[in-house]
Amino acid sequence: MTATSDDRTQRFTQELEKLKIPDPAAARSQLWIRLGVVGMVLGVALGVIAYLMSHNTSDPLVQRDALTIALTGIAVAVVGSAVFLRYSLTNFLRFWLARQAFDLNTFGERLAPAPATGKHTTTVEDQIQHDHESAAVARG
């Protein structure tokens, strides 16, 4: 990693601390993600158990119980999947939003006029020109 990227990473970490965004690894959402995974595995296990119960007996009462267990397993798997997706996407989108805010802030700082000349830096002007050219090429 170069010195510039290390500096940028440190600035991003400091910005995250300023925004008081909770660390996803230490947050309660990790517990919900784990519970979602457990629910998905438990749902599949209940389905397998119900299948084995229903095929090892000829008693209709036991087979109906197995049917109930299988339906419960499906419900547990669906709820576990929903919980897993909800908290996984929340963590991802929270980090993505913080990164977008950081990038926009960095871009805004680069667009700020130089104090002595009142002009933008040539790097930013070149980047803006390149963006306009790319957009023109994309339009045809």
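Mentor: Of the 140 residues in the chain, 13% are buried, where buried means under 20% relative accessible area, exposed means over 50%, and partly exposed lies in between, with a 1.4 Å probe and protein chains only. This is a predicted model, in which local features need pLDDT of at least 70 and side-chain atom pairs count only at pLDDT 80 or more, while totals for chains, interfaces and linings use all residues. Residues are numbered from 1 along each chain as its sequence is written, and side-chain values use heavy atoms, with hydrogens and water left out.

The accessible surface of the chain comes to about 10600 Å², and 65% of that area belongs to carbon and sulfur atoms; such areas come from the Shrake-Rupley method with a 1.4 Å probe, and for residues only the protein chains shown count as cover. The chain has four helices and zero strands, giving the pattern α-α-α-α along the sequence, where helices (H or I, at least four residues) and strands (E, at least two) are DSSP runs numbered from the N terminus. Among contacts between residues at least 6 apart in sequence, 65% join residues at least 24 apart, a contact being heavy atoms within 4.5 Å.

The part to examine is the pairing of helix 2 and helix 3. Two packed helices are described by the angle between their axes and the distance between the axes. Here the axes of helix 2 (residues 29-55) and helix 3 (residues 60-111) come within 7 Å and cross at roughly 160 degrees, which means that helix 2 is roughly antiparallel to helix 3. Axes are lines fitted to C-alpha atoms, for helices over the stretch in contact, with angles running from 0 to 180 degrees between N-to-C directions; those under 35 degrees count as roughly parallel, over 145 as roughly antiparallel, 65 to 115 as roughly perpendicular, and the rest as oblique. The crossing of helix 2 and helix 3 is left-handed, the term used if the near helix is turned anticlockwise from the far one by less than a right angle. The contact of helix 2 with helix 3 has 17 nonpolar, 13 polar and one charged residues, with Ala, Val, Leu, Ile, Met, Phe, Trp, Tyr, Cys and Pro counted as nonpolar, Asp, Glu, Lys and Arg as charged, and the others, Gly among them, as polar.

Gly36, in helix 2, is buried, because its relative accessible area is 0%. Leaving aside residues up to four places away in sequence, Gly36 touches Gly80, Ser81, Val83 and Phe84.

Beyond residues up to four places away, Met40 touches Ala77, Gly80, Ser81 and Phe84; Met40 and Gly80 are 40 residues apart in sequence and 5.1 Å apart in space, C-alpha to C-alpha. Leu31 lies in helix 2 and counts as partly exposed at 47% relative accessibility, and its C-alpha atom is separated by 9.9 Å from that of Phe84, 53 residues apart along the chain.
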